[in-house]
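Hello,

Here is the structure we talked about handing over. Please have a look at it first, and then read on for my notes.

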Amino acid sequence: MISLPLVCMQNSYGLAKTQPGGSGCGANLPIHAEEKKLFMIGKIAKVTGSLILGGFVFLTYEVLSLKKLLQIDTQAIHQEKLKSYVYIRTTSLNPSEYQGITYHARKEIHKAVRKILETEAKIFRRPFNEQFSTFDGEDHECALWLLLKRSQSEDKEVRLQAVQDLANNSHWHDYQYGTVAQTCDQRTAIGLARSKDIDLRFFLPPPPLPKIKNDYPIEDELRLLLVSLPQTGLDPCVQYFTSLALRESSQTLAAQRGGLWCFGGNGLPYCETLSKIPSETVELFCLQALVQHSKVSSHCDKIEAKGGLQLLQRIYQLRKDSAKIQRNIIRIIGNMALDERLHSSIVRAGWVSVLAEVMKSPHVIQSSHASRALANLDRDTVKEKYPDGVYVLHPQYRSSQPIRADILFVHGLLGAAFKTWRQQDIDRRLDKKASEGEEDYSQCWPKTWLASDCPALRIISVEYDTHLSDWKAKCPVEAHRKSIAYRSNELLDKLRAAGIGDRPLVWVSHSMGGLLVKKMLVDASKNPEMDKIVNNTRGIIFYSVPHHGSQLAEYSINARYLLFPSVEVKELSKDSPALKELNDDFLSFAKDKTFSVLSFAETLPTHIGSMIKLHVVPLESAKLGIGDLIPVDVNHLNICKPKKKDAFLYQRTLKFIQDVLAQEIGD
């Protein structure tokens, strides 16, 4: 019998087995009961370990999910310190947004792979692929946070592009807009507010204000704010408006104690009973005084320090039915925004969201006031500053369209920055076809028609107070300040701050506004600091400008005991030495200049009231002596108000502008 060697083998559990053919391994014995026991324990451990590991992964996932659901944005906490809102992300109740365990497992795997790649990049000192963001979210959420990060970049081009990309998004959920609202910085919020057709969900609402006692009316708070402002060394107009507001407030307080009361003089022209005290009108007086104070930089500091921004916010929210009150408030904000030190306070008080909403107003006056305030806040894309009375009609939003030239509109006697340049009013009785298309009526044709035809232009309109009679003068002090000479110097300073003169320029003026344009150009030619305005003037349009005087002035002076003609009117009298000197100076100034001149003259009389009919600026007075003169069959008020877009008045005006700026704006 042949004996085979025993070969020593080890099974997968570490137990010895023998096979024939080996040697030195001991006896060939069967597997014992103890070995079977160990075998079963190992098998149980394998299954149990898998269950424990899976349970641990599941618990970890649940904890992470719970943590994510209850995560608070730290920027929101910072905003709470600034008395704003904190938003906590909540779970959606929409079942379609739950995508099962496969979806969540994929997210966890993606997260693990991302960490491995990031660690590998650090070890081997290689750049980490930006595709794997440290943010754990969906692609569109990653894009949101990436845009927010870029919007705070030190690189201006990157920053502006990020704000534009944010503004162009319209498919996000409410919570995503809320995320942007509470995490974006001040510059981004202002940039979004100046973006066309912006979604208002990008902005936090104004912070809630503490409640006030019922027996402590708003006008009392306004009065206390006015009293706290400097009262000595004031500009006469500021002093006049402040004393007027305080006097009217005092009359209101007296009325509350009993008896009838009456506003008189330059105040309210009527009496009321105790049950009808017009607190809204008293507030308007106080706000007009604050408008004057807000023109003084040091007074703006005081208004902010005394909680004026919050008080104005409260009045704005309470008086949503009063466009005049809201307009005065936004005007104050626009004036305060001229000081960059106050921008943070204005943003914290919730004014950016308010201004963004008003920008959408269909009323050109409201939207233009908001546009001016936001332009003064936007230091990222606007280098100019727009003082009180200087309004940008186009572009009112941020735009990639480069500005090639400026058009400046200057109204005349009793005019305004917007109403002077409206489309001619429609008489429904005489023109049924026109009234049917009334929805296309332009409240301000430079803002609608001209901006559409010449988008590369910056269109600006200025406003200043003028009056026929001193009876209705808003600030009846220092008559010399109403003169053309004084207004010229005042407006020139404002226009230079607004960047007028930095680009080719066309002036468009009506009535007395044309005299003011001539005076400004003559004065600018004598001031080296204003050379740019003179050198960049390409053309001037005069709508019925009384170069040699007006019959209106003659009538007013003859009826001086009734009207008490104002300084402005007196300067318009025929054969006025001041007018003759101005015209001679302008013609002497213009003779060696290359700019073009176009004049329109009225041929129809104008109704002033129900009894008076005057040819305000006769043809001979509208003749400047240079340039073209075109008579038009309209009256003095309608000479600058085209009947429709294809009317001769507008088309001839447009052609002149396009011709003199052909090099800048092309076809």
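The angles run from 0 to 180 degrees between N-to-C directions, and axes are lines fitted to C-alpha atoms, for helices over the stretch in contact. Please keep in mind that this is a predicted model, in which local features need pLDDT of at least 70 and side-chain atom pairs count only at pLDDT 80 or more, while totals for chains, interfaces and linings use all residues. Residues are numbered from 1 along each chain as its sequence is written, and side-chain values use heavy atoms, with hydrogens and water left out. Helices (H or I, at least four residues) and strands (E, at least two) are DSSP runs, numbered from the N terminus.

**Two helix pairs**

Helix α15 (residues 351-358) packs on helix α16 (residues 364-377) at an angle of about 140 degrees, and their axes are 8 Å apart. α15 and α16 are therefore oblique to each other. Their crossing is left-handed (the near helix is turned anticlockwise from the far one by less than a right angle; clockwise would be right-handed). On the α15 side, Leu355, Ala356 and Val358 meet Gln366, Ser367, Ala370, Ala373, Leu374 and Leu377 of α16, where contact means heavy atoms within 4.5 Å. Sorted by class, this contact of α15 with α16 has seven nonpolar, two polar and no charged residues. For the classes, Ala, Val, Leu, Ile, Met, Phe, Trp, Tyr, Cys and Pro count as nonpolar, Asp, Glu, Lys and Arg as charged, and the others, Gly among them, as polar.

The second pair is helix α19 (residues 484-497) with helix α20 (residues 512-525), whose axes come within 9 Å and cross at roughly 70 degrees. That angle is why α19 and α20 count as roughly perpendicular to each other. The crossing of α19 and α20 is right-handed. From α19 the contact includes Arg487, Leu491 and Leu495, and from α20 it includes Lys519, Met520 and Asp523. The residues in the contact of α19 with α20 divide into nine nonpolar, two polar and three charged.

**Buried and exposed places**

Here buried means under 20% relative accessible area, exposed over 50%, and partly exposed in between (1.4 Å probe, protein chains only). Helix α7 (residues 186-193) is largely enclosed by the rest of the structure, because six of its eight residues are buried. Those buried in α7 are Thr188, Ala189, Ile190, Gly191, Leu192 and Ala193. The buried residues of α7 pack against α5 (156-168), α6 (174-183), α14 (343-348), α15 and α16, so the oblique pair above turns up again here.

Leu290 sits in helix α10 (residues 279-293) and counts as buried, at 1% relative accessibility. Neighbours within four places in sequence aside, Leu290 is in contact with Leu222, Leu225, Leu226, Leu229, Ile303, Leu312 and Ile332. The C-alpha atoms of Leu290 and Phe241 are separated by 8.4 Å, although the two are 49 residues apart along the chain.

Thr653, in helix α27 (residues 648-660), is likewise buried at 1% relative accessibility. Beyond its neighbours within four places in sequence, Thr653 is in contact with Trp445, Ile541, Tyr543 and Phe600. Leu318 of helix α12 (residues 308-318), on the other hand, is exposed, with a relative accessible area of 55%.

**Salt bridges**

How many salt bridges does a search of the whole structure find? There are 23, a salt bridge being a side-chain nitrogen of Lys or Arg within 4 Å of a carboxyl oxygen of Asp or Glu.

- Arg201 and Asp199 form one, with the closest N and O atoms 2.9 Å apart. Arg201 is partly exposed at 37% relative accessibility, and Asp199 is partly exposed at 23%.
- Asp378 and Arg398 meet in another (3.0 Å, N to O). Asp378 lies in the loop between α16 and β5 (390-394) and Arg398 in the loop between β5 and β6 (405-410), so the pair ties together parts 20 residues apart in sequence.
- Asp406 pairs with Arg458, the closest N and O atoms being 2.9 Å apart. This links strand β6 with strand β7 (residues 457-462), across 52 residues.

Best wishes

How values were computed:
Angles under 35 degrees count as roughly parallel, over 145 as roughly antiparallel, 65 to 115 as roughly perpendicular and the rest as oblique.
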